[in-house]
Amino acid sequence: AAYGLFALMALSALAIAFGAFYRFSTIAFFLSFSYVELIDVSYYLNHYYFVSLVSGLMIFLPANRALAIDIKLGLAKPSKQVSAIAINLVKFQLAMVYLFAGIAKLNADWLFHAMPLAIWLPAQDHLPLIGWLFDFPATAYVFSWAGAIYDLVVAFFLLWNRTRWIAYAAVVVFHLLTWSLFQIGMFPFIMIASTLIFFSPEFHERIQQFLIPQRQPSRNNSKNKMQRWVYVPIIVFVGFQLVFPFRHLLYSGNPFWHEQGYRFGWRVMLMEKAGYAQFHVHDSKGRVIDVQNSDFLTPVQEKMMSTQPDLMLQFAHFLTSLHQSNGIEVTGVFADVYVTYNGRGSQLFIDPTVDLASLSDSWKDKSWILPLETDS
């Protein structure tokens with residue numbers, strides 16, 4: 001079944017590229033990709049979230065009106081015009097990635113301690129040409145400040161015709177550099193290609209004519225007015241994207257430490273965090289069972305669980321159900337968890353006297369998370 005799911009994802013992506021059965025293909029890709037993304041929380045990434053959002057948007061966009069198989073099949077009418085909102089929604093989503101990534105970098109660790117780049121960059125000193133620069137502490141500071149400034153302003157410069165080419169050159173350099181330094185898959189190339197949407201229609205027409213010389217489709221003189229009800233879901237979507245990344249403000253303390261409201265907030269590669277978690281299952285006979293996490297979790301799952309409190313709750317509930325199914329009456333699940341964050345010394349992360357099995361995960365503040373003692 002898993003092979004079939006990935007085959008569906010690949011075929012639907014190919015169909016989207018050729019404009020074949022566009023609506024069905026975009027829906028199939030959106031559902032299959034999002035399912036694979038969400039099936040394991042330990043693999044959640046902003047990069048995957050971005051692909052899900054854009055593919056979801058594309059379901060409603062008329063992206064099969066030129067150079068599309070659907071036109072030849074009579075499933076779509078050729079047109080050189082689409083509503084500006086269709087293009088601006090994609091621009092907006094791209095701008096949100098950059099802007100919120102920049103806002104998230106406005107913290108003391110990133111700006112004044114060059115963390116976590118001060119940890120990561122020296123490990124890349126083997127790279128040709130520029131590797132020797134990473135041994136200098138100043139390099140981490142330069143990269144930190146340059147990264148913050150880039151994320152905060154690049155979308156605005158892409159919107160302005162006079163600075164668009166300079167901004168796009170910065171996009172290419174930035175993403176190729178991050179791709180060479182870090183293991184982040186296809187995301188840099190997705191952003192490099194997607195950012196071309198900021199260029200003018202004439203620019204894209206010249207590319208099309210160069211790649212596939214053909215007679216241009218007849219111009220549709222209609223004004224492509226959208227019905228008023230369409231603006232309602234657009235406003236809801238835009239409002240959600242503007243507000244949701246700020247939900248961490250509902251919680252006290254350092255969001256990089258407690259990670260409440262952290263996911264899907266465009267906080268990209270902003271911390272180096274590692275943890276050790278020892279779970280203890282107590283039963284009605286007074287026995288204490290020490291859990292070997294690797295017996296139940298993959299290495300990635302164990303690594304993520306050891307620093308993320310909601311995953312600790314999930315694991316505690318799993319342990320309760322597992323032992324009860326084996327005839328053991330569980331009276332509590334406790335954990336000794338130590339976490340190190342951005343080069344700080346390891347410290348106790350959660351209250352070891354709290355029965356995790358008695359708690360339920362919610363949007364409420366997790367008071368059993370201990371505060372960061374050495375916050376900067």
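Biologist: In which loop does Phe 21 lie?
Modeller: The model is predicted. Phe 21 belongs to a nonpolar surface patch of about 740 Å², together with Leu 14, Phe 18, Phe 24, Ile 69, Leu 73 and Leu 75. Its place in the chain is the loop between helix 1 (2-18) and helix 2 (22-38).

Biologist: Are helix 3 and helix 12 roughly parallel or antiparallel to each other?
Modeller: The axes of helix 3 (residues 46-58) and helix 12 (residues 231-243) come within 13 Å and cross at roughly 170 degrees. Angles over 145 degrees count as roughly antiparallel. The two helices are therefore roughly antiparallel.

Biologist: How many nonpolar, polar and charged residues does the contact of helix 3 with helix 12 have?
Modeller: Helix 3 contributes Tyr 49, Leu 53 and Leu 57, and helix 12 contributes Phe 237, Phe 240 and Gln 241. By class, that gives five nonpolar, one polar and no charged residues.

Biologist: How many residues apart in sequence are the parts that Asp 151 and Lys 105 tie together?
Modeller: The side chains of Asp 151 and Lys 105 form a salt bridge, with N to O at 2.7 Å. Asp 151 is in helix 8 (residues 137-159), while Lys 105 is in the loop between helix 5 (84-104) and helix 6 (108-112), so the linked parts are 46 residues apart in sequence.

Note on methods
Residues are numbered from 1 along each chain as its sequence is written. This is a predicted model: local features need pLDDT of at least 70, side-chain atom pairs count only at pLDDT 80 or more; totals for chains, interfaces and linings use all residues. Side-chain values use heavy atoms; hydrogens and water are left out. Patches are made of residues with over 30% relative accessible area and no salt bridge: like charges are joined within 9 Å, nonpolar side chains (Val, Leu, Ile, Met, Phe, Trp, Tyr) within 5 Å. Accessible areas come from the Shrake-Rupley method with a 1.4 Å probe; for residues, only the protein chains shown count as cover. A salt bridge is a side-chain nitrogen of Lys or Arg within 4 Å of a carboxyl oxygen of Asp or Glu. Helices (H or I, at least four residues) and strands (E, at least two) are DSSP runs, numbered from the N terminus. Axes are lines fitted to C-alpha atoms, for helices over the stretch in contact, and angles run from 0 to 180 degrees between N-to-C directions. Angles under 35 degrees count as roughly parallel, over 145 as roughly antiparallel, 65 to 115 as roughly perpendicular and the rest as oblique. Contact means heavy atoms within 4.5 Å. Ala, Val, Leu, Ile, Met, Phe, Trp, Tyr, Cys and Pro count as nonpolar, Asp, Glu, Lys and Arg as charged, and the others, Gly among them, as polar.
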